Amino acid sequence: MIKIYGMTGSGNCYKPRLLLAKLGKPFEHIEVSSQNGGTRSPEYLAKNPNGMVPLLELPDGRLLAESNAMLLHLAEGTRLLSADSYERALAYQWLFFEQYSHEPYIAVRRALMVFPERAKDATPERLASTLERGNKALGVMDKHLAANAFFAGNAMSVADIALYAYTHVAGEGGFDVTAYPAVSAWLDRVRNDPGHVPIDWLP
């Protein structure tokens, strides 16, 4: 069976769990947390020398790190990754956007405000910077979604899962998602897609 090593409350770790839930594929969740040193244990570092979660372990023992790489692998041949080359390229575009222009600000600001061990890093300057850049990302998303139901073609894809993971909890980082009506409507569409589960769901 597929195994996913990760933290329950992490958006990056939520991505592969959400995808597999939407596809109805079974997997085992193994809780590994950076908060208690689990990602730095010799056993875990032997699997992922980068010492980060999530980590995917396939039934044959092969390992794959990086949440968006997992999405692409697990979605191959399914409804969540188009066979059309241009739509696939659009999905890749938004996956790169998520990691470069979205996650470093929206996810990081949430972490600074939610996790006590990160509070020391929550300087006024960093909070202001992540708020500004996160709102810029939400604005880019809102403009796209004002004319499109999803991010890569006319149907749900890995791009939507990647961006949903931290956007739906952006309020925990002090972002006002209601200021972006197209994003708010898209969040509802993702929730209404078959097989949806919340961030704290485990199999």
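Student: What makes Leu138, Met141, Asp142 and Leu145 in H5 count as meeting residues of H7?

Tutor: Their partners in H7 are Pro181, Ala182, Val183, Trp186 and Arg189, and contact means heavy atoms within 4.5 Å. The model is a predicted one, in which local features need pLDDT of at least 70 and side-chain atom pairs count only at pLDDT 80 or more, while totals for chains, interfaces and linings use all residues. Residues are numbered from 1 along each chain as its sequence is written, and side-chain values use heavy atoms, leaving out hydrogens and water.

Student: Why is H5 called roughly perpendicular to H7?

Tutor: Helix H5 (residues 124–145) and helix H7 (residues 181–192) pack at about 75 degrees, their axes 7 Å apart. Axes are lines fitted to C-alpha atoms, for helices over the stretch in contact, and angles between N-to-C directions run from 0 to 180 degrees. Under 35 degrees counts as roughly parallel, over 145 as roughly antiparallel, 65 to 115 as roughly perpendicular and the rest as oblique. The angle therefore makes H5 roughly perpendicular to H7. The residues of this contact comprise 7 nonpolar, no polar and 2 charged; Ala, Val, Leu, Ile, Met, Phe, Trp, Tyr, Cys and Pro count as nonpolar, Asp, Glu, Lys and Arg as charged, and the others, Gly among them, as polar.

Student: How do you know that Arg88 and Glu76 form a salt bridge?

Tutor: The term requires a side-chain nitrogen of Lys or Arg within 4 Å of a carboxyl oxygen of Asp or Glu. For Arg88 and Glu76 the N to O distance is 3.2 Å, so the pair qualifies. Arg88 belongs to helix H4 and Glu76 to the loop between helix H3 (67–75) and H4, so the pair ties together parts 12 residues apart in sequence. The whole structure contains 10 salt bridges.

Student: What is the phi of Glu66, and where is the residue found?

Tutor: Glu66 is not a glycine, yet its phi is positive, at about 75 degrees. The loop between strand E4 (63–65) and H3 holds Glu66.

Note on methods: Helix = DSSP H or I, 4+ residues; strand = E, 2+ residues; numbered from the N terminus.
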